[in-house]
Amino acid sequence: MQQQTSRAAFRALRLDKVSRRFKEHWALKEMTLAIEAGEFVALLGPSGCGKTTALNCIAGLLQLSGGSISLDERRIDVLPPEKRGFGMVFQNYALFPHMNVRRNIGFGLAMRRLPKAEIAARVDKAIRMVQLEAHAEKLPGQLSGGQQQRVAIARAIVIEPPLVLMDEPLSNLDAKLRLEMRAEIRRIHRELGRSTIYVTHDQEEALSLADRIVVMKDGIVRQVGTPEALYHRPANLDVARFMGFRNEIAGVAESANAIRFSDVRLEGRRADDGVTSGGANRLVAVFRPDDLEPVAAGPAAIPVTVTAVEYGGRAMSRAASSGAPRIDRAAWLALPAVIFVLAVFILPFAYGLVLSFTPKQGGALANYVRFFSDPNFYRTVGITLWLALPATLINVLLSVPIAYRLRYPSRSQRFVTALLVVPITLGTVLIADGLLSYLGPQGWMNRLLLAAGLTGEPVRLVHNYTGVLLSLIISGFPFTFLLTLSYITGVDPNLPKAAMTLGAGPWHQFREIYLPLLLPGLAVAFCLTFVQAFSVFPSAVLLGAPAGPTRVISIAAWQSAYEDYDYSLASAVAMLMGVIQLAVTMFVLGGRRLLYRGPVAGGKG
Amino acid sequence: MQTHPLARLWNAAVWVLTLFFLVNVAAMIAMVALNSFAARWFNSWLPSGLTLRWYESAWGEFQLDDLLIVTMEVTLAVVVIAALIGIPAAYALARADFPGKRLAQVLFLLPMMIPPITYGIPLATVLYQVDLGGTMAGVVIANLVPTVPFVILVMTPFIEQIDTNLESAARIFGANTWRMFLHVLVPLLAPGILAASLIVMVRTIGMFELTFLTAGPDSQTLVVALYYAAFAPGVRAGQSISAMAVVYMLLSLAWLLIALRFVNPTQLVTRVKS
């Protein structure tokens, strides 16, 4: 199945009345086009003309609203992108930031489950082709824009696709590099002879690269032709304007090929579709600036007045951004906040630390000795961990599939996320109070269990471990979920698209792209959820058994301070809480070192 | 495009899981709300008869009007002060380079990474030492500890994405710092300030631990009073406590609804960038 799609040979790709609508707007209207094997076709037009829509429809990244696409006799518009086997080069490169150049290029081959030796050989060949031998082990973030684009091209062609799709591949490069890469693309196309569809808004690029150009405007194909045909014989005014016919003179039609403008008769070639605006016999004559020739006044001359002169040379470099060193007086604006945090956070912490070493009685360490020798105290650590770790783990494991399912912005995503914020705003006290009645012996949960015959008598769900665990899950899950969601939506959406065009199905998109990019974020989410769960207080008191099985560490700290007025001991317990939280955080984030930690967006785009 | 049956099963399972969670939360809230209107509710699915008298009794017993006034006073003070301290600092972090910038960033992150109950006890001890414990000022100061860093965290990327050329342009056309700030920065920052303030508002109304540790009898907010009421059940009728819970719920949900018009739900939690 994979083999047949990556087979290079085909006779023609046919688009038949391909249309795509976004809500009320038709981005692409009945596009019909046939592309033959080996051909280089450019889709050219201003932004918003539908050329990228057309490309995404061919790639399978957008579904059609009408029409069909077929490769020879086989319909392909019903196939998902990973089954089409086309290679695609994205505008922002969409290189997988966590894989080095070699793995990026080999990704599509790995998805096709080719033998390792063959993958290595083909990747090596592709790397040589784009002249990146010296950079094969680097990560995309370490490469320049031009090098990244070479990797993107190599990644698309190494799978030997029947068709290469390029979406404005040069528009993120500066003018000099753009010319170099243009030559490079032409060379690769000549060497490999792959059919290519190339989207651009730069007519020069299209004219120099393509065998045939498709000019588009407002979702409609306005003309299809060779560069020469388009350049010399545009079919209509839109194409003419796009091809550099900058001068327009409106006049009265005299014959099929001539118009009269004041007392001058202009002869020329009538365009194929002579759409006129000012009545049936009004026509527009267009010509290029260099079609004019200054001559002495005479019968064949039109008198003109020069009002402006524009130099035609091309500026190749952009204005440099100002690199003047700034005097950062603005830095002082941070001072109030720094003083504030030092005064009300660091100072109390330091004070508490000192206080914890100056106990009411005994030596400096008396509080800590007491904590670890009194089972009433040291057991709290175990109890709290035994609540916080399972609750955090459950929340992270629940969050990943649900957030992944809701990763694309949509009505239902917004609705569900908004609903999930509610438990956060209600807070732990209200959740504890609510669960007390909901899970209590008279509550709906127990009534339901009894009515369903799942239990003979009310299950004890509150005033014990279960109640506190459930409240930790309810108050913690939305928090973990929203964190996870924000990390997932932070992944460049072009990366899974790129993976799709290289043959990765839903599982591999998750396994190879999302998961590795997400793991560092998940580690952070785990830590933040854990420290919240570890400091559980109101629900342990209200929903648990605060004297026994759910006497968590914060209860011990609170009782020391507010019931025994032993602030020194309370500070010691608070410091121990901090130390344990810090230890778990360090442990998890330390493990994160083993993971990819660069930017999650692809390339520099 | 066809979906694999296994994928469809998985999707369904994920939806069921989400729904199960939401239904249970909704049922929990519904039970509290229903209980607050219940004339009598014992050993049955639904209460027998509805009444409003628990609200009347709750209003008197818990002095809800005083609680509401204190809650709003504390919240407003926290929002204004957090913005005044936090936004300039966010500007400094977004625009300026200075020695110790990394250290300042870590400093601002710490109060958000460490849960309130851990630093709340030493903080309360210090506040009682300087005679601020149990006062309104003490409650406001304690609540500012996590909110000032929060404002900084939300506003820094917001300021970063404003083109510095706009500020340069304003200066080139003759605006001094103050006028540049007033005419260029404030209008551009307004959406961000609004979002940050609303989130701080929602979080402060719901902040239990810090207020609980620092408040005295006259500086309690609604959520702390609710805890004390729920902590000593039997002293007051359960329905009365439920009525108070509903008032608290309405207050926080009203602000949440307003906030959600302007902010993305994910902004309500702290996203720590590495």
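**View 1. Bridge partners of β9 in chain A.** In this predicted model, L43(A) has V214(A) as its bridge partner in β9(A). A second pair is A42(A) with I213(A), the latter in β9(A). Strands of a sheet pair through backbone hydrogen bonds, in either a parallel or an antiparallel way. β9(A) is mostly covered, with five of its six residues buried.

View 2. K217(A) stands opposite I220(A), a residue of β10(A). Two residues lie between the strands of this hairpin. D218(A) takes a positive phi there, near 50 degrees.

**View 3. The open sheet of chain A.** Six strands of chain A form an open sheet. Their order is β6-β7-β8-β3-β9-β10, and the pairing is mixed. β6(A), residues 87–89, is one edge strand, and β10(A), residues 220–225, is the other. Each of these edge strands pairs on one side only. From one strand to the next, the twist averages 15 degrees.

**View 4. A helix across the sheet of chain A.** Helix α6 of chain A spans residues 145–157. α6(A) lies across β6(A) and β7(A), the latter being residues 163–167. The helix runs at about 170 degrees to β6(A).

**View 5. Two domains in chain B.** Chain B is divided into domain 1, residues 1–51, and domain 2, residues 53–267. Taken over C-alpha atoms, the centres of the two domains of chain B are separated by 31 Å. Domain 1 of chain B brings six residues to the contact, and domain 2 of chain B brings eight. On the domain 1 side, helix α1 of chain B, residues 5–36, gives the largest share: four residues. By class, that side of domain 1 has three nonpolar residues, three polar residues and no charged residues.

**View 6. Confidence in the prediction.** Chain B averages a pLDDT of 87. In chain B, 96% of the residues score at least 70. Where pLDDT is low, predicted coordinates should not be read in detail. For the complex, the predictor gives an ipTM of 0.89 and a pTM of 0.82.

Technical notes
Residues numbered from 1 in each chain as written. Chains lettered and ligands numbered in written order. Predicted model: local features only at pLDDT ≥ 70, side-chain atom pairs only at ≥ 80, totals over all residues. Domains from an automatic or database assignment. Contact = placed C-beta atoms within 7 Å. Nonpolar A, V, L, I, M, F, W, Y, C, P; charged D, E, K, R; others polar. Pairing = 2+ DSSP bridges. Axes fitted to C-alpha atoms, helices over the stretch in contact; angles between N-to-C directions. pLDDT = per-residue confidence, 0-100. Buried ≥ 20, exposed ≤ 12 C-beta atoms within 10 Å, placed from the backbone.
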